[in-house]
Amino acid sequence: MILTNGGRRIATATGAMLADPDSLGNLAEDAQETLFDPEYWRARGELVTVTGGRGSAWFIASGARQWVLRHFRRGGFIARLSQDGYVWTGEEGVRAFAEWRLLELLARRGLPVPRPVAARYQRTGLRYRCDLITQRIVDAEPLSAALARRALPEPVWRAVGATLARLHGAGVDHADLNAHNILLGDTVSVIDFDRGRLRAQGAWRARNLRRLRRSLAKITRDLPAGRYSDETWGWLMAGYETPAGGEAE
């Protein structure tokens, strides 16, 4: 077993896993790869909900254990060739491991992201499949779901903008910033950092925001008027551009 970035690397029969020992407890030794099998959790009565989206995701819940299990799946044209297989380029290139490490670093810095619990890959020749378990942000809903139910007040939009500014200020480039990956609860959080990375400040910040703006326009196209508009986007940007703890100029 090797400790790495606050976690533990455990070799398995078909690859390896990263784990946070404090989150897993005895499961790190007793269950290992079965942690990533939805049927294992279903048999324990702890598989709660299956969610949609490109990746396969399941909620796992039992007392203090509130997790999200996600199986990495490909999107776009290449998914027709392989739904969940990735080309092996070495362990550093494993997408679940890269996301685990990024989340672990961001969580230690106090940024509004889910804490990673465990990640694993299974290698077959020159291809691999991978999975990730993170802490579930309970009592929160995606921005997309909130907008489907109601119009959101200005303070919520400003809070979203301020949260994105915190992440961008820390150099976090989210590869798929959209209304499904922003969670509203007691605070605003951001999830799904597959292909995310830390970067020097640059034009990627504007690209992130443009992607989010397109997402908001798309998901609200058929919703009642007032769910999203130039005005609400202006509120979001006001929060984004206001220094932490300050007032908009």
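Tyr86, Trp88, Phe97, Tyr121 and Tyr128 come together as one aromatic cluster. Rings of Phe, Tyr and Trp (for Trp, its six-membered ring) pair here if their centres lie within 6.5 Å; planes under 30 degrees apart count as stacked, over 60 as edge-to-face and the rest as tilted. By that rule, the structure holds seven aromatic pairs.

A word on the ground rules. This is a predicted model, where local features need pLDDT of at least 70, side-chain atom pairs count only at pLDDT 80 or more, and totals for chains, interfaces and linings use all residues. Residues are numbered from 1 along each chain as its sequence is written, and side-chain values use heavy atoms, leaving out hydrogens and water.

| Ring pair | Distance between centres | Angle between planes | Class |
|---|---|---|---|
| Tyr40 and Trp41 | 4.9 Å | 80 degrees | edge-to-face |
| Trp41 and Trp67 | 5.7 Å | 85 degrees | edge-to-face |

Helices (H or I, at least four residues) and strands (E, at least two) are DSSP runs, numbered from the N terminus. Buried means under 20% relative accessible area, exposed over 50%, and partly exposed in between (1.4 Å probe, protein chains only). Trp67 is buried too.

Now for the cores. A nonpolar core is a set of buried Ala, Val, Leu, Ile, Met, Phe, Trp, Tyr and Cys residues joined through side-chain atoms within 4.5 Å. The largest one has 46 residues, and Leu164, Phe193 and Leu216 touch the most other members. Helix α4 (residues 95–108) supplies the largest share of this core, seven residues. A second, separate core of 16 residues has Ala19, Leu27, Trp58 and Trp67 among its members.

Which residues does Phe193 touch, not counting residues up to four places away in sequence? They are Glu99, Leu102, Leu103, Leu106, Val113, Leu167, Val172 and His174. A contact means heavy atoms within 4.5 Å.

Over in strand β2 (residues 7–11) you'll find Ile10, which is buried with a relative accessible area of 3%. Its C-alpha atom is 8.5 Å from that of Gln32, 22 residues apart along the chain.

Zooming out, the protein chain comes to eight helices and 14 strands. Buried residues account for 47% of its 249 residues. Of the contacts between residues at least 6 apart in sequence, 60% join residues at least 24 apart.

As for confidence, pLDDT is the predictor's confidence in each residue, from 0 to 100. The chain's mean pLDDT is 89, and 87% of its residues reach 70 or more. Over residues 76–80 the pLDDT is below 50, and this stretch has one contact in the model beyond near neighbours in sequence. Residues 245–249 also stay under 50, with three contacts beyond four places in sequence.
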